[in-house]
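This report is intended to be read alongside the sequence and the three-dimensional coordinates. Please keep both in view while reading.

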Amino acid sequence: MRNCTSSRNRLEGVTDSPTGPGVRLRPEILATAPYRQGKPAPSDSFKLSSNENPFDPIPAVVEAIAAASVNRYPDAAALALSERLAARFGVGHGEVHVGSGSVSILAQLIQAAAGPGDEVLYSWRSFEAYPGLVTVAGASSVRVPNLPDHRHDLASMAAAVTDQTRVAIVCTPNNPTGTIVTADEFAAFMNAVPNNLLVLLDEAYVEFVTDLDAVNGSTLLGRYPNLVILRTFSKAFGLAGLRVGYAVGPEQILNAARATAIPLSVTEPAQRAALAALDHEAEILERVDIIARRREEIFEGLRAQGWPVPRSDANFLWFPTGSDTASANDIFLAHGVVARALPPEGIRVSVGEAESVDRVLAAAAEIAESFPETLAHHS
Ligand SMILES: *Cc1c(COP(=O)(O)O)cnc(C)c1O
C-alpha cells in the first residue's frame with residue numbers, strides 16, 4: 001500500500017504518454033477506432049443517425065419490463081424466447097440462438113469460425129460494425145465494393161472466396177444503402193460458394209422490406225448446411241436499448257456461437273420484452289407499416305428533387321454525397337437533423353418522427369442547390 005500513490009501516478013504518466021501505453025496491446029487493436037455511436041441530438045433536432053424506432057414502446061412491453069426480476073440472473077439459454085422463435089420459424093429450439101443484440105451474435109460466429117490467417121468477406125459499404133468484429137477475432141477483412149447502384153455485387157463476392165475465407169456476410173437490406181439482395185441472387189450466391197463456408201444473412205431490417213423479389217431467410221431454413229440468418233429486436237420491434245437479437249440456423253453452428261458467448265448477457269427484462277413484443281406483433285407491424293410508408297414519402301420527395309437515392313427497403317435512406325459528405329452533413333445539422341455521415345461515400349438518414357420528414361426534405365433541397373454536382377455525378 002505504501003507505494004500505491006506513487007505507482008498510480010506513474011501509471012497515469014505512462015497512459016498519458018503520446019507514444020502510447022506501456023502495456024503491450026495487440027497492434028491491430030490499437031489501430032482500431034472505438035465504435036462510434038450516432039451523435040446525441042440537440043434537444044431541438046431529430047436523431048436520425050442510428051436507425052432507431054421513433055415510437056415509444058407499446059404498453060405490453062413496458063409492463064413486461066416492469067414485471068421482470070432483476071435481482072436474479074437471467075435464464076442463460078433464453079429458453080422461453082428461443083422456443084417461441086423456434087415455433088414461429090418451424091425449427092427446433094436448438095436451431096435458435098438468442099444474444100444481446102445480433103451484433104453480439106455476429107461477433108460470436110466470426111470468432112467461432114475465423115482467426116489469424118483467415119478471411120471474412122463482406123460488401124462495402126456495409127454495416128460499420130463488421131470491420132471491427134473481424135479485427136478483434138484476429139482475422140482479415142476482404143471487402144467487395146458495391147455495384148454503382150449501391151447493391152451488393154454477389155457475383156464478385158462469390159469470386160473473392162478463397163481457401164482462407166471462413167465467413168461471408170450478406171446484409172439485406174444493406175446498411176447503409178437500403179438496397180436488397182433478391183432471392184434469385186442469393187440462391188446463385190449460395191450455389192457458387194462451397195458449403196463449408198459459413199454464410200451469415202444479416203436481416204436486421206427485414207420487417208421493413210416491401211420489395212417482393214427480396215430474399216427472406218425464413219424461407220431458406222433447412223435448405224443450406226452453412227447458412228445462418230441474423231435478426232434483431234432493435235429496429236422494427238423498437239427494443240434497441242434492451243439489446244436482444246437472434247440467429248436461426250443449423251444447431252451445430254449455433255452451438256459454436258454459444259461456446260464463444262459471454263454467459264448470461266441477455267437480461268431478463270430483454271427476454272420478457274421480446275416475448276411481449278411477439279405477443280403483440282400486429283401492433284408492432286402497424287408501426288413498421290407507418291415507417292415504410294413514411295420512407296416512400298421521403299423517397300418520392302427526394303426523387304422529385306433529382307436525388308439519385310437508391311430505393312430503400314429499410315428504415316433509412318442513403319444520400320450518395322461523395323466528397324461533399326461533410327458539408328452536406330452540416331446542412332442536415334443546420335436543419336435539426338442528426339444524420340450518419342459516412343465519408344467519403346455518403347450520408348445515411350433514418351426514417352424517424354412524422355415531424356422530421358419536412359426537415360429532411362428541406363435539408364436535402366438545400367444540399368441539392370448548394371452542391372448540384374452531387375446529383376449529377378451519381379445519377
Ligand atoms: C442494427 C443492426 C444490427 C443489429 O444490431 P443489434 O442492436 O446488435 O441487434 C445488425 N446488423 C445490421 C446491419 C444493423 O444495422
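## Basis of the model

This is a predicted model, in which local features need pLDDT of at least 70 and side-chain atom pairs count only at pLDDT 80 or more, while totals for chains, interfaces and linings use all residues. Residues are numbered from 1 along each chain as its sequence is written, and side-chain values use heavy atoms, with hydrogens and water left out.

## The ligand site

An N or O atom in the side chain of Asn175 lies 2.8 Å from an oxygen atom of the ligand. The side chain of Asp202 places an N or O atom 2.8 Å from a ligand nitrogen atom, and that of Lys235 places one 3.2 Å from a ligand oxygen atom. The protein covers 94% of the 380 Å² of accessible area that the ligand has on its own, as computed by the Shrake-Rupley method with a 1.4 Å probe; for residues, only the protein chains shown count as cover.

Ser102 lies in helix H5, residues 102-113. Helices (H or I, at least four residues) and strands (E, at least two) are DSSP runs, numbered from the N terminus. Ser102 counts as buried because its relative accessibility is 8%; buried means under 20% relative accessible area, exposed over 50%, and partly exposed in between, with a 1.4 Å probe and protein chains only. Leaving aside neighbours within four places in sequence, Ser102 is in contact (heavy atoms within 4.5 Å) with Leu230, Arg231, Thr232 and Gly245.

Gly245 belongs to strand S8, residues 245-248, and is buried because its relative accessible area is 0%. Not counting residues up to four places away in sequence, Gly245 touches His97, Val98, Gly99, Gly101, Ser102, Ile105, Arg231, Thr232 and Phe233.

## Helix H11

Helix H11 comprises 24 residues, 281-304, and reaches 34 Å from its first C-alpha to its last, close to the expected 34 Å. The expected span is 1.5 Å times one less than the number of residues. Its buried residues are Ile284, Val288, Ile291, Ala292, Arg294, Arg295, Ile298, Phe299, Gly301 and Leu302. These buried residues pack against helix H10 (268-279), strand S9 (316-319) and helix H13 (356-370). Just after H11, Gly306 takes a positive phi of about 95°.

## Backbone geometry

Most residues other than glycine have a negative phi, and most peptide bonds are trans. The peptide bond from Trp124 to Arg125 is cis, with omega near 0°; Arg125 lies in the loop between strand S3 (119-124) and helix H6 (129-136). The bond from Asn175 to Pro176 is also cis, with omega near 20°, and Pro176 is in the loop between strand S5 (165-171) and helix H8 (183-192).

Ala78, a residue other than glycine, has a positive phi near 45°. Ala78 is located in the loop between H3 and H4 and is buried because its relative accessibility is 1%. Arg243, likewise not a glycine, has a positive phi of about 65°. Arg243 sits in the loop between strand S7 (227-232) and S8 and counts as partly exposed because its relative accessibility is 34%.

Arg72 is in the loop between helix H3 (59-67) and helix H4 (79-89). Arg72 is exposed because its relative accessible area is 62%. Arg72 and Thr267 are 195 residues apart in sequence and 9.9 Å apart in space, C-alpha to C-alpha.

Thr135 is found in helix H6, and its side chain reaches the backbone oxygen of Pro131 at 3.0 Å. Apart from neighbours within four places in sequence, Thr135 is in contact with Arg26, Glu28, Ile29 and Thr32.

How values were computed
Polar contact = N/O pair within 3.5 Å; in protein donor to acceptor, adjacent residues only side chain to side chain.
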